[in-house]
Amino acid sequence: MSEMIERVAKALSDSERNYLAWEDESEVYKKLHREAARVAIAAMREPTEAMLAASVEHIEVAGDREAWKGERENVAKDVWRSMIDAAAGSGGEAGTEGPSA
């Protein structure tokens, strides 16, 4: 299981104002929150237009910047998807489409 899934699951549990510490919760309860975390992380797999615009601004490519102008958005999408896939612990299965879709 990924560290991010556990982090999000714990945050979901904490947001319910549960009186038990995460460590003291039943495995059934934890499993439900881990599944909700997986779904939430998978939903984030496709970046919004604002996110793409922000990330494209920060991608620096060696060489002729003008030559990479059309590729920066695809690189931003690939980077985002890879990060979400890693967070979801899915190895590329968090969404239904592959890179640069």
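This passage describes the overall make-up of a predicted model and then turns to two of its residues, glutamate 25 and methionine 1.

The secondary structure of the chain consists of four helices and zero strands, so that, read from the N terminus, the order of elements is α-α-α-α. Of the 101 residues in the chain, 28% count as buried, and the accessible surface amounts to about 6,900 Å², with 57% of this area belonging to carbon and sulfur atoms. When contacts between residues at least 6 apart in sequence are considered, 52% of them join residues at least 24 apart.

Glutamate 25 is situated in the loop that links α1 (3–15) and α2 (27–43). Although this glutamate is buried, it has no salt bridge, and the nearest side chain of opposite charge, that of lysine 30, lies 8.1 Å away; a salt bridge would require a side-chain nitrogen of Lys or Arg within 4 Å of a carboxyl oxygen. With neighbours within four places in sequence set aside, the contacts of glutamate 25 are with Asn18, Leu20 and Lys30.

Methionine 1, by contrast in position, belongs to the segment before α1. Methionine 1 counts as exposed because its relative accessibility is 63%, the cut-off for this class being over 50%. Once its neighbours within four places in sequence are left aside, methionine 1 is in contact with Glu6 and Arg34. Methionine 1 and alanine 88, which are separated by 87 residues in sequence, are 8.2 Å apart in space when taken from C-alpha to C-alpha.

Methods:
Residues numbered from 1 in each chain as written. Predicted model: local features only at pLDDT ≥ 70, side-chain atom pairs only at ≥ 80, totals over all residues. Heavy atoms only, no water. Buried < 20%, exposed > 50% of the residue type's maximum accessible area, 1.4 Å probe, protein only. Lys, Arg positive; Asp, Glu negative; His and termini not counted. Contact = heavy atoms within 4.5 Å. Areas by Shrake-Rupley, 256 points an atom, 1.4 Å probe, with all protein chains shown as cover.
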